[in-house]
Amino acid sequence: MLRSLVGSEMCIRDSINAEYGVSITAMASLGKSILNKCADMYWASFSKQLTRYGLRYEDVLVETPEMYEALRRLPKSEVEGRTMRYRRAVDLSFKKQYLPDNVQEQLKPAQRYLNIAQVEKEYAERIYWERVNKVV
């Protein structure tokens, strides 16, 4: 029974290729390009909204233990800048206003200031070491 199912699935797949003249890899490539285009459109919309309130991408990430550790490692000036961006965004939201256009043009919401990848790597190494050495 299993052999016939696999065979019938192969026949269906091959008939699609023969009927439309499109390979599975070409369809996957098309799907990937469509997904990338959608992701670009989403980022454009999301970054525009962040810029309206003067926030950066890492300001709105969900706070996890790794993020708290990355925040702890930041210099005081970066922590204060993050706090001020939050306060400004809350103030603008309450007033139902956006930042002036000339200020929005100067902002870069994609600019990174946290090193979360490094912290996540260190956490993964520590977990692996604890598993290997059976630390409780």
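Mentor: A residue is called buried under 20% relative accessible area, exposed over 50% and partly exposed in between, with a 1.4 Å probe and protein chains only. This is a predicted model: local features need pLDDT of at least 70, side-chain atom pairs count only at pLDDT 80 or more, and totals for chains, interfaces and linings use all residues. Residues are numbered from 1 along each chain as its sequence is written, and side-chain values use heavy atoms, with hydrogens and water left out.

Trainee: Is Leu92 buried or exposed?

Mentor: Leu92 has 9% relative accessibility and therefore counts as buried. Gln49, by contrast, has a relative accessible area of 33% and is partly exposed, while Lys96 is exposed at 76%. Over the protein, buried residues make up 18% of the 136 residues.

Trainee: How many helices and strands does the protein have?

Mentor: Helices (H or I, at least four residues) and strands (E, at least two) are DSSP runs, numbered from the N terminus. Here there are 6 helices and 0 strands, in the order α-α-α-α-α-α from the N terminus on. Gln49 is found in helix H2, residues 24-53, and Leu92 lies in helix H4. Lys96 belongs to the loop between H4 and helix H5 (101-106); although not a glycine, Lys96 has a positive phi of about 55°.

Trainee: Which residues are in contact with Leu92, leaving aside its neighbours within four places in sequence?

Mentor: Contact means heavy atoms within 4.5 Å. On that basis Leu92 touches Arg52, Tyr53, Gln97, Tyr98 and Leu99. Leu92 and Tyr53 are 39 residues apart in sequence, with 6.7 Å between their C-alpha atoms. Of the contacts in the protein with a separation of 6 or more, 73% join residues 24 or more positions apart.

Trainee: Which residues of H3 and H6 meet?

Mentor: From H3 come Pro65, Glu66, Met67, Glu69 and Ala70, which meet Ile116, Val119, Glu120 and Tyr123 in H6. Within H3, Met67, Glu69, Ala70 and Leu71 are buried, and the buried residues of this helix pack against helix H4 (76-95) and H6.

Trainee: Which residues make up the largest nonpolar core?

Mentor: In soluble globular proteins, nonpolar side chains tend to be buried together. A nonpolar core is a set of buried Ala, Val, Leu, Ile, Met, Phe, Trp, Tyr and Cys residues joined through side-chain atoms within 4.5 Å. The largest has 8 residues: Met67, Ala70, Leu71, Leu74, Tyr113, Leu114, Ile116 and Val119. H3 and H6 are the elements that give two or more residues to this core, and H3 gives the most, with 3 residues. A second, separate core of 6 residues includes Leu50, Tyr53, Leu92 and Leu99.
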